[in-house]
Structures are given as C-alpha cells and as structure tokens.
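Biologist: I would like to go through this model with you, contact by contact. Shall we start?

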Amino acid sequence: MIVPFLCFPSALSDLSEQIKAATKDNHVRAENTQLMLSYQKGEITLVQYKVLLCSLYEIYRALEDELDRNASHPAVAPIYFPQELARVESLERDLEHFFGSEWRKRVIVPAATLRYGHRLRQIGRENPELLVAHAYTRYLGDLSGGQVLGKITQKSLGLSSKEGLSFFHFPGVSSPNRFKQLYRSRMNSIELTEKEKAAVLEEAVQAFELNIQVFDDLQKMLSVATETADQHKDRSPAAVLPSS
Ligand code: HEM
C-alpha cells in the first residue's frame, strides 16, 4: 500500500520561517530607505548616527519596558532574554558619549518614532502576544545586518575605539548565529492559535513599516536642517539638530 506523504516539512508551520517569509519584501524596502542606503555606501554622518541613536533609544525603552512588564506572559517568557539582548543601557552609554552628561535634554525624535513607541506600549497593555513580532524585528535585525552596520559606523565616523558603539555590541551573545537559532526555536515553541499567529505575522509587517517610517522621518528632519542651515549660512545644522 502506498502511504500518502502528508507530512509537510515542519519549517512551513514554524513561526520563525513564516515571519521571515511574511516580512521579506518589507526587509528589502527597509534596506532601501535613504538612511540604510547611506549606511551601505559607508556614507553615514555623525548627525545621522546621533539622530538614529535618539530614536532607537525611544523605541527600545518602550519595547523593553513592555517585555519586562510582560516577562512571565506565556508568549513573552520563551523569547525574554534581557541579559543577552537589552539595549537601553548601551544606548544610554552611546548617547552620553555623543551628547554629554545632559544628554537626556537633547534627545529629539520625529513623529514616526513617537508612533512606534505608542504602538509598542499599546500592545504591551492590550495584546502582549504581539510583542514577539517587534522583538524579532529589532533584535534579530541587530544580530544580523546590524552587526555589519556597527562596523560601517565605526569606519565611516572614524571612531577609534568602541566608544559610542555600544548599541552594536552584545557581550552576552558569543555567537550571533547560534543565538539566532536558539531565538528562532524559542519563537517556535510559543503556543499561539491560528488567529494569534496571523496577528503576529501582520504585526511583524507593521513593525518593519514603523522602522521604515522612522528612517524616512529622520531623513526628512535632516534635510530640513540642512536647508535651514543653507538659508542661514551663519548657522550650522548643529544649531538645529544635535551638534556634531
Ligand atoms: C536579517 C541585512 C536592515 C531586520 C538580515 C540578514 C542580513 C541583513 C544579511 C541575514 C539574512 C539571513 O540570515 O538569512 C540587512 C541590511 C540592512 C538591514 C544590509 C540595512 C542596511 C534591517 C532593518 C531591519 C532588519 C532596518 C528591521 C528593523 C532583520 C531581521 C532579520 C534580518 C528581523 C532576521 C531574518 C530572519 O532570520 O528571520 N538582515 N538588514 N534588517 N534583518 Fe536585516
């Protein structure tokens, strides 16, 4: 008797594979934003990096507040790795490095960053099972292309040491590839109904879109600053934006 082959490769139903496939196009769009293209060309400027750090700080503060608050939620606990992944303290060190001890007064973020933070806090309160979509988008991104971006930042800005680059360093992760495998298997262990899984995939697409909007807003902020500086030749963009 021929036994019908009904067993699909498990990967097809794994959240980690589904989320990667669902966000593939958005990843390409994110890579092709002006800000990320500047990165890939090795043309990132200090002002660009500083405004990016400000926005990342707001985003990770919201993400990590909500992950901490929901640490024992069954859809959060398996992917809760504060020792290995938390970025808020490293961002604080970088911000202090570039802006000095009064850095808190100098953090400026565009509307898109506020919207991103608002969304994170909302799902943390109302649908914590969606946090995995955001944690995946940021942390696995940081451990993938983000590692290359760290090296480009150091080179483009001519930074001699790791100062100001803490964001890219994960001292608790000895092998990003092995850690990503562990993270994916933890994601796959989360028990979700089909409806919840579909909502997580949709939220991951949104998470990428929120990142794209932040990059676009930052770029707009920088062009307004440059235009303003051109109109007031006696003032530098530093008068409008965080000084370089
Ligand atoms: C994975 C590059 C921007 C999120 C990756 C990988 C590369 C990469 C090479 C590994 C792919 C693999 O292992 O199959 C880049 C480059 C970027 C960029 C060059 C921009 C210059 C972003 C952004 C985000 C992001 C802006 C989101 C905010 C991710 C995620 C993964 C990833 C979540 C993990 C995919 C998975 O294995 O499921 N990226 N990336 N990336 N990237 Fe990016």
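Modeller: Start with one packing contact in this predicted model. N26, H27, R29 and A30 in helix 2 meet V205, F208, E209, N211 and I212 in helix 11.

Biologist: How many nonpolar, polar and charged residues does the contact of helix 2 with helix 11 have?

Modeller: Both sides of the contact are counted together, by class. The contact of helix 2 with helix 11 has 4 nonpolar, 3 polar and 2 charged residues.

Biologist: Are helix 2 and helix 11 roughly parallel or roughly antiparallel?

Modeller: The axes of helix 2 (residues 24-31) and helix 11 (residues 194-231) come within 9 Å. They cross at roughly 10 degrees. Angles under 35 degrees count as roughly parallel. Helix 2 and helix 11 are therefore roughly parallel.

Biologist: Is A30 buried, exposed or partly exposed?

Modeller: A30 is found in helix 2. A residue is buried at 20 or more other C-beta atoms within 10 Å, and exposed at 12 or fewer. A30 has 19 such atoms within 10 Å, so A30 is partly exposed.

Biologist: How far apart in space are A30 and Q147, C-alpha to C-alpha?

Modeller: Along the sequence, A30 and Q147 are 117 residues apart. In space, C-alpha to C-alpha, the distance between A30 and Q147 is 16 Å.

Biologist: Which residues come nearest to the ligand?

Modeller: There are 16 residues around the ligand. They divide into 6 nonpolar, 7 polar and 3 charged. Those that come nearest are K20, A30, G141, S144 and G145.

Biologist: Which element gives the largest share of the shell around the ligand?

Modeller: Helix 2, helix 3 (34-40), helix 8 (131-142) and helix 11 each give two or more residues to the shell. The largest share is 5 residues, and it comes from helix 8.

Biologist: How many of the 12 residues of helix 8 are buried?

Modeller: Helix 8 reaches 16 Å from its first C-alpha to its last, close to the 16 Å expected. Among its buried residues are L131, H134, R138 and D142. Helix 8 is largely enclosed by the rest of the structure, because its buried residues number 11 of the 12.

Biologist: At what angle do helix 4 and helix 7 pack?

Modeller: Residues including S55, I59 and L63 in helix 4 meet residues including T113, Y116 and L120 in helix 7. By class, this contact has 5 nonpolar, 4 polar and 4 charged residues. The axes of helix 4 (residues 46-69) and helix 7 (residues 111-126) are 9 Å apart, and the angle is about 0 degrees. That makes helix 4 and helix 7 roughly parallel.

Biologist: Which residues is P78 in contact with, leaving aside its neighbours within four places in sequence?

Modeller: P78 lies in the loop between helix 4 and helix 5 (82-85). The C-alpha atoms of P78 and N188 are separated by 9.3 Å, although they are 110 residues apart along the chain. The contacts of P78 are R186, S189 and I190.

Biologist: What share of contacts between residues at least 6 apart in sequence join residues at least 24 apart?

Modeller: The chain has 11 helices and 0 strands. Of its 244 residues, 32% count as buried. For those contacts, the share joining residues at least 24 apart is 82%.

Definitions and conventions: Residues numbered from 1 in each chain as written. Predicted model: local features only at pLDDT ≥ 70, side-chain atom pairs only at ≥ 80, totals over all residues. Helix = DSSP H or I, 4+ residues; strand = E, 2+ residues; numbered from the N terminus. Contact = placed C-beta atoms within 7 Å. Axes fitted to C-alpha atoms, helices over the stretch in contact; angles between N-to-C directions. Parallel < 35°, antiparallel > 145°, perpendicular 65-115°, else oblique. Nonpolar A, V, L, I, M, F, W, Y, C, P; charged D, E, K, R; others polar. Near = placed C-beta within 6 Å. Expected span 1.5 Å × (residues − 1).
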